[in-house]
Amino acid sequence: VQLQASGGGSVQAGGSLRLSCAASGIALSIYDMGWYRQAPGRQREFVAIVTAGDSANYADSVKGRATISRDNAKKMVYLQMNSLEPEDTGVYYCNANRRTMSGSRNNYWGPGTQVTVSS
């Protein structure tokens, strides 16, 4: 399983970025797909998730500024971030998660992409 995040970069506050996650080795359509981020010195935190049923949920800190979407045919997941703030700085990680029929979980992470927002 590979989850390759891309699209990070350095932007000024108020700018936008679109992060992409290319998945391989999994049947993307049956996974809940999420984005998480980790700022220096802080724990990894939830940003957004889009379920296998295409329902989206967001952290309060990005609600109204972020849009998560998925394209199962292309095996891609996207995170559009607008009105970026310095507090959005961190490494952004793509996550694939599902509960199997037996009740266990398949949980995968990819290497992150760095987002730096300057004031």
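Q: What do buried, exposed and partly exposed mean here?
A: Buried is under 20% relative accessible area, exposed is over 50%, and partly exposed is in between (1.4 Å probe, protein chains only). This is a predicted model: local features need pLDDT of at least 70, side-chain atom pairs count only at pLDDT 80 or more, and totals for chains, interfaces and linings use all residues. Residues are numbered from 1 along each chain as its sequence is written, and side-chain values use heavy atoms, with hydrogens and water left out.

Q: OK, Thr67. Which class is it in, and why?
A: Partly exposed, because its relative accessibility is 44%. Thr67 sits in strand S7. Strands (E, at least two residues) are DSSP runs, numbered from the N terminus.

Q: What is Thr67 in contact with, beyond its neighbours within four places in sequence?
A: Tyr58, Tyr78, Leu79 and Gln80. Contact means heavy atoms within 4.5 Å.

Q: How many residues are in the largest nonpolar core?
A: 29. Such a core is a set of buried Ala, Val, Leu, Ile, Met, Phe, Trp, Tyr and Cys residues joined through side-chain atoms within 4.5 Å. Ile68 is among those with the most contacts inside it.

Q: Which strand gives the largest share of this core?
A: S3, with four residues.

Q: Switching topic. How many disulfides?
A: One in the whole structure (cysteine sulfur atoms within 2.5 Å). Cys21 and Cys94 form it, with sulfurs 2.1 Å apart.

Q: What does that pair tie together?
A: Parts 73 residues apart in sequence, because Cys21 lies in strand S3 and Cys94 in strand S9.
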